[in-house]
Every structure is written in C-alpha cells, then in structure tokens.
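These are notes for a colleague who is opening this structure without having seen it before. Please read them with the view at hand.

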Amino acid sequence: MKKFFSVGDVDNLSQIVKEALNEKASPNTNETLGKHKTLGLVFLNPSLRTRLSTQKAAMNLGMNVMVMNMDKDGWALETQDGVVMNGSTVEHIREAAAVMGEYCDILGLRSFPTLKNAEEDYSEDLFNKFMKYCGKPVVSLESATRHPLQSLTDLITIIENSDFSFNEKLQQYSPNGKKPKVVLTWAPHVKALPQAVPNSFSEWMCKAQAQGLIDFVIAQPKGYELNEDFTPNATLVYNQEEAFKDADFIYVKNWSSYKEYGQILPVEGDWMPTLESLVNTNNAKVMHCLPVRRDLELGSDILDSEKSLVIKEAGNRVWAAQAVIKRILENK
C-alpha cells in the first residue's frame, strides 16, 4: 500500500479487518517496524479521534510522530498554480508539501470542503496536489469527499460486534447465518455538514455488500441523496421506520444536500433516532463517528444505553490506523 485515500486502495476488506483485529489483540507485536521512521500529521481542520488514534497507532509501531496544525501554526497555503502570490497566501503547496516530505516517511492530511462548489470540492484538488508534491505515502485523515480511516473503523466494529467467522484458507470473513443489515440514516443538525463521512461509509459498505458481508440500506429525506458514485448497490429508502425494520446496525450521521450543494433543506417528520424508533429492529446496535450533538442528531437514551457502540467504535480508530500504517511500512 502506497497511499490510503479510499476503499479502492484495499482489495480484500476481510483481510484488512483481520489485520486490524490482530493489531488490537497484540498492539506492540510490530513495535520495531517503524523504528527510526517518522509520521507527519498535517491538520487544516480540528480533530480529536483522528489525531489521537493515529498518533497512538504510529507509536505502537515504534514511529516518531510530528503534528502540524496548518490552520493555526503554519503559513496560509496557496494551492492554485499560475497565480501571483500578492494576497493573503504566503507559501505554495508545492514547496510546503515537498518540505514535509523531506522530514517524514509517511504523511497524513486532514482538510474539509468549502461546501460552496461541488465540482471544486469533489475534484479533491488539495489532497491530490499534496500527495503529488510531498513525494511520500499519504494517508487521508479526512478529505473533502471521504474519511476512509473512519469507514474502515466502522467495518471493523460491525464485524467485531456481529456473528462472523474467518476462513483462513479463503482469507475471508463470512456471516454465521443471515448477513447483518446495516442502515445509514440521515439525522438533523444545526448547520450544513460535509458528505465526506456518509460518502465514505457508503462506499465501504457497498463494497462489503458486494463481497457478501452485509446488506446495506440508506435512509434519507428527499433531496439528501448522496452522489451516486458512492452508493452503487445500496438500497435507498425515504422512510426511516421502514429502513430500520430488522436492522442489525444503524449508523447515524447528518450531511448537507449534494444536489442543492451544501444546503440544508426542509425535512418532514422526526429523523432523530431514539430508543422508541428502534423497536422493530433486530436489537440493533447504534453507531456514530462522533462528535455527536445529543438530543439533536441522536437521542441521549440511545447514547447512554447498551445499544450504543460509539465508544467502542472510537476505540477501534487506533486499530484501523495501525493496520493501514503497518501496510504502508511493509509496502504491501
């Protein structure tokens, strides 16, 4: 593995989940793999779980870690070519990324979209230029359109908390009985949020479905359909109660409209999940990437119950990052 940007960088989902769970079972087995290697983490936006979990994963592998908060500590970056830099930007990404590549063996980059222009955001111009100019393997710590470390974590959490067995000969997980039904549901929020997490979750779950691991459903109000590139074989439902029927896992997340790009559209009905709304599920476990706005996105009654996986899910961020960094160090 030379980069980690999307599910397209992973062939066999079962195998990387197995590797992550192996790292969880024995966190320091590969502590010499990253000896005298440096991971650089570059943040243009806030982070809690991504920052801490990735640092922890790298340290488990014996790496040194450097963190750069570009939005607070770095120079204002210019990303466009052919411009005279006589405005507010001080350093071009060509030099900035290249210099970081001189100091680090692997780099991670986190940035958010502007939610103003879909074509610009979905071009992933910033991430692609950073990867091009730094000259080192790059891990996405979230970009304009995806959050792959979160999505790998989510798959790990689903497999870990469901009835799966691993076939060593085939290097494949398979459900013991009925495949778990996984539902991604839209939930309310006070402001427009990116589509990166739901895009990425959908992309990973669609591939998991194609590999026979799960059945995948998306519940959303009209107007909140994601870009079709991320939902190729998902079942789309516009009624949350219908989507929740017989669900085993429910993933709760808000996102702004893709069609009316970056907008918050009027919605009919109550889309915030509560314990009452889970009554017709298959004793579903509930997930959220965090941070979560209690009693707006997700009811406190769920978050404070045994049905909530959010803390276990956050804990698994370490093992997702560790499996990815390990693969890059091994250049598998």
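Predicted model: local features only at pLDDT ≥ 70, side-chain atom pairs only at ≥ 80, totals over all residues.

1. Aspartate 215 has a relative accessible area of 32%, so this residue is partly exposed.

2. Aspartate 215 has a salt-bridge partner, lysine 179, with 3.5 Å between the closest N and O atoms. Where do the two residues lie? Lysine 179 is in the loop between β9 and β10 (181-186) and aspartate 215 is in strand β11 (residues 215-219), so the pair ties together parts that are 36 residues apart in sequence. Lysine 179 has a relative accessibility of 29% and therefore counts as partly exposed.

3. How many salt bridges does a search of the whole structure find? The search gives 13.

4. Glutamate 203 and arginine 146 meet through their side chains in a salt bridge, at 2.9 Å from N to O. Helix α7 (residues 196-210) holds glutamate 203, while arginine 146 is in the loop between β7 (138-140) and α6 (148-160); the pair therefore ties together parts that are 57 residues apart in sequence. Are these residues buried or exposed? Both glutamate 203 and arginine 146 are buried.

5. Lysine 18 forms a salt bridge with glutamate 168, and the closest N and O atoms are 2.8 Å apart. This pair links distant parts of the chain, 150 residues apart: lysine 18 belongs to helix α1 (residues 13-25), and glutamate 168 to the loop between β8 (164-167) and β9 (172-175). Why does lysine 18 count as buried? Its relative accessibility is 16%, and buried means under 20%.

6. The loop that holds glutamate 168 is the turn of a hairpin formed by β8 and β9, with four residues between the strands. In that turn, glutamine 171 has a positive phi of about 55°. The two strands run antiparallel and are joined by four bridges. Asparagine 167 stands opposite glutamine 172 in β9.

7. Threonine 185 is a residue of strand β10. With a relative accessibility of 0%, threonine 185 counts as buried. The side chain of threonine 185 makes a polar contact with the side chain of glutamine 240, at 2.8 Å. Leaving aside residues up to four places away in sequence, threonine 185 also touches others, including Ala219, Phe244, Ile250, Tyr251, Val252, Trp255, Trp271 and Pro273.

8. For the chain as a whole, there are eleven helices and 14 strands. The radius of gyration is 20 Å, close to the 20 Å that the globule rule gives for 332 residues, so the chain is as compact as a globular protein of that length. Along the principal axes, the C-alpha atoms fill a box of roughly 55 × 50 × 35 Å.

9. Of the 332 residues, 55% count as buried. The accessible surface of the chain comes to about 14700 Å², and carbon and sulfur atoms account for 49% of this surface.

10. What share of the contacts between residues at least 6 apart in sequence joins residues at least 24 apart? In the protein chain, the share is 78%. The salt bridge of lysine 18 with glutamate 168 is one link between distant parts of the chain.

Methods: Residues numbered from 1 in each chain as written. Heavy atoms only, no water. Salt bridge = Lys/Arg side-chain N within 4 Å of Asp/Glu carboxyl O. Buried < 20%, exposed > 50% of the residue type's maximum accessible area, 1.4 Å probe, protein only. Polar contact = N/O pair within 3.5 Å; in protein donor to acceptor, adjacent residues only side chain to side chain. Contact = heavy atoms within 4.5 Å. Rg over C-alpha atoms; globule rule 2.2 N^0.38 Å. Areas by Shrake-Rupley, 256 points an atom, 1.4 Å probe, with all protein chains shown as cover. Pairing = 2+ DSSP bridges.
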